[in-house]
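Reader: I would like to go through the labels used for this model and hear what each one rests on.

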Amino acid sequence: MASTQLELAMRWTGEIDGDLAPLLVGYRPVPGVHDELVDATGRLRPHWKDLLGRLAALGRGQLERRFAEADRRLAESGVVYRVYGDEAEVERPWPLAHLPIVIDAADWAGLAEGVLQRARLFEAILDDLMGEGRLVGEGVLPAALVAGNPEFLPPLAGLRPKGGAHLHLYAADVSRAPDGRWWVLADRTQAPSGAGYAIENRIALSRALPEFFDALGVERQGPFFQAMRSGLAAASGREDPRIALLTPGPWNETYFEHAYLARVLGFQLVEGSDLVASPEGVAVRTVEGPRPVDVLVRRIDSDWADPLELDPSSRLGVAGLVEAVRHGRVVVANALGSGLVEAPALAGYLPGISRRLLGEDLRLPNVATWWCGEAAARRTVTANLDRLMLSPAFGRSLRGTLDSTGVLGSRLSAAEKGRIANLLERRGVDFVGREPLRLSTAPVWEKGRLVPRPFAVRIFAARTPNGWTVMPGGLARISEREDVRNLSMQRGGRSADVWVLGGATPARAETRLVPDAEAAEIRRDNGILPARVADNLFWLGRYLERAETTLRLLRALAGHGDDGVAETSGGLARRIGRQLVGWGAVAETRGVEETATAALWGAMPGSVASLVAAAHRTGAVVRDRLSPDCWRALLDLEEQSKLRGDDERRAAPVFGEIERALRTLAAIVGLAHDTMNRREGWRFFDLGRRIERGIGLSRAARTFTGPDSGSEALDLLLDLADGRVTYHSRYLSGPARRPVLDLVLLDEGHPRAVAYQVARIVEHLSRLTGRSEGDLLEPAERLAQRLVTTLETSDAGAFDISRIEAIEIELMAISDQVTAHWFGRTVPLADDETDE
């Protein structure tokens, strides 16, 4: 319908008034598809009218400010997703479409019933296929459709999960056909993702449009997550179970969501390397020894979960996990092998299976699907290839043939069609033909006006102690293109909140995602600390401190612009250059600015850029332990320190960049100290910083207090130790070697002295070991106590180069012992630890 026709139709029917006109003028529904905003006659759908009226009342300027507030909230929360293969920008800000998808209560009721039915149906199918196998034995399903599916895992055949349930979370991707009926595009039973992003979308819009939720009666999502958590807890059979979320790690596309859900639901975030499994159960390797896990919420594919019995190439899983499941010692949600029923090839059989297993007709249909493993279906697909979509039968890409999204037959060349026809004849089991469905459209705010864009909604259902429940709303994905049949955040587009109208009232408004804290038992512990997390916190502290030491050395070069840095030159700049080479910041020294530029942005492992990149990698692993402000500051530092091209290096004011990086680094450390709870995690972070600072100061003392060092070198050492003010308040004369070394090495009251660092190291080690009076010291403690004695009983004048170097060696030995004692444990779960 042309724009002018739509406007006239809406005016004729009285559906558009003066306030709404600026929003609706020019809105062009896409011919041949269902549009959420207007019907085929141009009438505005009733459940959108109140929302649009309220938006129009705000005015365009206020609307833009409100939407900007939503974007700012997402950015400040660090909401991102990862794009595989995108080298230019691996992590992207989460893209929010500012208008929600609006569904009225009556429409939602039917949709929710259909989703609940499918959750029950897939549970029943899994129970049969992984158990007695009647569907195959009685010919309801072809054996090749099951046995040929890569998600059919023989070690799990006949194995009933602890508690009896295969599925604990299910999701369906749905959109509308041109007649307005909802259709299922895909089922998610493996490890459904997106619920965490749905929370963030909801929070962002609730900050931008707070008054809309009660006024429109938008259903709250909090009770769903409470019920989901209760269901997982109940599945364990224990009153206070330990629940862990198993993530592939920080380089997964949805790692932000894993960390976010773990934080808001009170789960322990773990990777496969954090866990040890045996017939006695599954445990987390912590700094205090193994701690049992009762429920493992799985976010890795089943076949990667156990390299012993499943895929031996996996580095993400837990060796022995299948055996622990076999002995009923852990609940895995969703159960291993649950991805079996995600296969598109199963879709065509679902109506018959639903009548057989549930005694019910399928309420939500899939798009028409033909599995080419059957001769009749193969002939149908071959004869109608021009109008069908060809897809992999089991959802996985077929290398060299099709990716997981498939291809429209009409877009194949004659030669490609011939090749596909041969493949269908030889390996028909690998393909399905599907009726292409043009997705329905919804209004999106673009450049101050509404435009229709294709969308699909992922709706989540969770098993609870009282049966299945559906999240009111979900995660909508919106395409930028008009003609699209598959949606993926990996291929661009935006996300949107989904509002179900007409159910909630202000009195029922519930926004908590977990039970009311007022009813909770008071606790002051932060849960267990996995050894891997402690290791990364320790090295995060070390990398940040080493970067600061390098930046301070580079800043010292600022006053030596006319002095040579090369070995053939003399003066203080040469000493600084030698220190930078020894530190691994540069391979060789040249001019002052050239050396500083290379040490700041170069590729050497000790350059600031490399150290900050390492800090970012370790920080990403422990992101759930860092405050949003601290994480954003770390991202800012990485952006400032990224490797630059030669043209950018020449244009950048290098010494100004050094000062800026030092300020950002100070903000990161300050935020970490202000926001991290003073438990084991903070102690490992600070322990790493103290060890690294002691090493850096010792090395600087060796370099700048040699026999030929003048007052300028000693003054520089004071600057590196932030000791100028203190020194000059104590001594009227200029810098002299003995008092300078006393302040830098031995003064425990000076926060940057080596003695101060060692005292803090001893304090941290004592608290971390939990040693009682009379217990033997751990090796790291013995080394630290010996170093304390050396520093307390020595005179600064006795420290020559070799004795200063001995301090550095002792500190590195302490680091090695910390690693050996806390980060290298592989102790299995003992029998007496399974019933804690």
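**Labels and their grounds**

Author: This is a predicted model. The axes of helix α15 (residues 531–557) and helix α21 (residues 654–675) come within 10 Å of each other and cross at roughly 150 degrees.

Reader: Why are α15 and α21 called roughly antiparallel?

Author: Angles over 145 degrees count as roughly antiparallel. The crossing angle here is roughly 150 degrees, so α15 and α21 are roughly antiparallel to each other. Their crossing is left-handed.

Reader: Which residues of α15 and α21 meet?

Author: From α15, those that meet α21 include Leu544, Ala547, Glu548, Leu551 and Arg552. On the α21 side, Phe655, Ile658, Glu659 and Ala661 are among them. Contact here means heavy atoms within 4.5 Å.

Reader: What is the result for helix α26 (residues 754–769)?

Author: Helix α26 has 16 residues and reaches 22 Å from its first C-alpha to its last, close to the 22 Å expected at 1.5 Å a residue. Just after α26, Gly770 has a positive phi, of about 60 degrees.

Reader: What makes a residue of α26 count as buried, and what covers the buried residues of α26?

Author: Buried means under 20% relative accessible area. In α26 the buried residues include Val754, Ala755, Val758, Ile761, His764 and Leu768. The cover over the buried residues of α26 includes α22 (680–704), α25 (737–746), α27 (779–792) and α28 (801–823). In α9, residues that are buried include Phe224, Phe225, Met228 and Leu232.

Reader: What is the strand order of the open sheet, and which sense does its pairing have?

Author: The open sheet has four strands in the order β7-β6-β11-β12, with parallel pairing.

Reader: Why do β7 and β12 stand at the edges?

Author: β7 (268–270) and β12 (331–333) each have a single partner strand, so one side of each is left without a neighbour in the sheet. Neighbouring strands of this sheet are turned by 25 degrees against each other on average, direction ignored.

Reader: How do you know that β6 and β7 pair?

Author: Two strands pair if there are at least two bridges between them. Strand β6 (residues 243–246) and β7 have three bridges, in the parallel sense, so they count as a pair. Leu245 has Leu269 in β7 as its bridge partner.

Conventions: Residues are numbered from 1 along each chain as its sequence is written. This is a predicted model: local features need pLDDT of at least 70, side-chain atom pairs count only at pLDDT 80 or more; totals for chains, interfaces and linings use all residues. Side-chain values use heavy atoms; hydrogens and water are left out. Helices (H or I, at least four residues) and strands (E, at least two) are DSSP runs, numbered from the N terminus. Axes are lines fitted to C-alpha atoms, for helices over the stretch in contact, and angles run from 0 to 180 degrees between N-to-C directions. The expected span of a helix is 1.5 Å times one less than its number of residues. Buried means under 20% relative accessible area, exposed over 50%, partly exposed in between (1.4 Å probe, protein chains only). Angles under 35 degrees count as roughly parallel, over 145 as roughly antiparallel, 65 to 115 as roughly perpendicular and the rest as oblique. A crossing is left-handed if the near helix is turned anticlockwise from the far one by less than a right angle, and right-handed if clockwise.
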